[in-house]
Amino acid sequence: MRMDGGEMHSQPVHQVLQDQGYSLETTGPDSSAQNGLAERPHKTLKNMMRCLLYSAGLGSFFMMDALVHAVWLYNRQWHSAIEDTPYHKWTGTKPSLHNTLTFGTKLLIRQTKKRPTTVDPNKYDGIFQY
């Protein structure tokens, strides 16, 4: 297992890895170039997240929602290394994208619970996140 030199350097973590038969390689702190195989998907997801936020006009408050949506999209894209989509490899079914909404789409959400009075609104504005 290869980890950043600044991550999880505690004796219990080392002991668990050793007990499970893993060898630990550490890289220099903040040197993602030494772990390129794992860092490339991270960079791709970060770029997708940034684009989703920017195109929706949303701030960093929605960063985690954008990341979840980016992972959802990433798992439904073709990957040449596995010659398939990760979703299809995992579930055995082809992903369907025909009902996919654009991240950050403005929605009108119908309130399902009983309104206090008949003049209260029964719909409110929302944002599609994932």
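Phe 62 counts as buried, at 16% relative accessibility. This is a predicted model.

Phe 62 has a ring partner, Phe 61. The ring centres are 5.3 Å apart, and the planes stand at 90°. That angle is over 60 degrees, so the pair is edge-to-face. The count of aromatic pairs comes to 1. Phe 61 itself is exposed, with a relative accessible area of 72%.

| Residue | Relative accessible area | Class |
|---|---|---|
| Phe 61 | 72% | exposed |
| Phe 62 | 16% | buried |
| His 79 | 17% | buried |

Phe 62 also belongs to the largest nonpolar core, which has 12 residues in all. Among the other members are Leu 45, Met 48, Ala 66, Tyr 74 and Phe 103. Helix H2 (36-56) and helix H3 (63-74) each give two or more residues to this core. H2 supplies the largest share, 6 residues. In soluble globular proteins, nonpolar side chains tend to be buried together.

Leu 52 is another core member. Leaving out residues up to four places away in sequence, Leu 52 touches Ala 66, His 69, Ala 70 and Phe 103.

Now to His 79. This residue is found in the loop between H3 and helix H4 (86-91). His 79 has a relative accessible area of 17%, so it is buried: the cut-off is under 20%. A polar atom of its side chain lies 3.5 Å from the backbone oxygen of Gln 77. Not counting residues up to four places away in sequence, His 79 touches Tyr 74, Asp 84 and Pro 86. Of these, Tyr 74 is a member of the largest nonpolar core.

Terms used. Residues are numbered from 1 along each chain as its sequence is written. This is a predicted model: local features need pLDDT of at least 70, side-chain atom pairs count only at pLDDT 80 or more; totals for chains, interfaces and linings use all residues. Side-chain values use heavy atoms; hydrogens and water are left out. A nonpolar core is a set of buried Ala, Val, Leu, Ile, Met, Phe, Trp, Tyr and Cys residues joined through side-chain atoms within 4.5 Å. Buried means under 20% relative accessible area, exposed over 50%, partly exposed in between (1.4 Å probe, protein chains only). Helices (H or I, at least four residues) and strands (E, at least two) are DSSP runs, numbered from the N terminus. Contact means heavy atoms within 4.5 Å. A polar contact is a pair of N or O atoms within 3.5 Å; within protein, one must be able to donate a hydrogen and the other to accept it, and residues adjacent in sequence count only if both atoms are side-chain atoms. Rings of Phe, Tyr and Trp (its six-membered ring) pair if their centres lie within 6.5 Å; planes under 30 degrees apart count as stacked, over 60 as edge-to-face and the rest as tilted.
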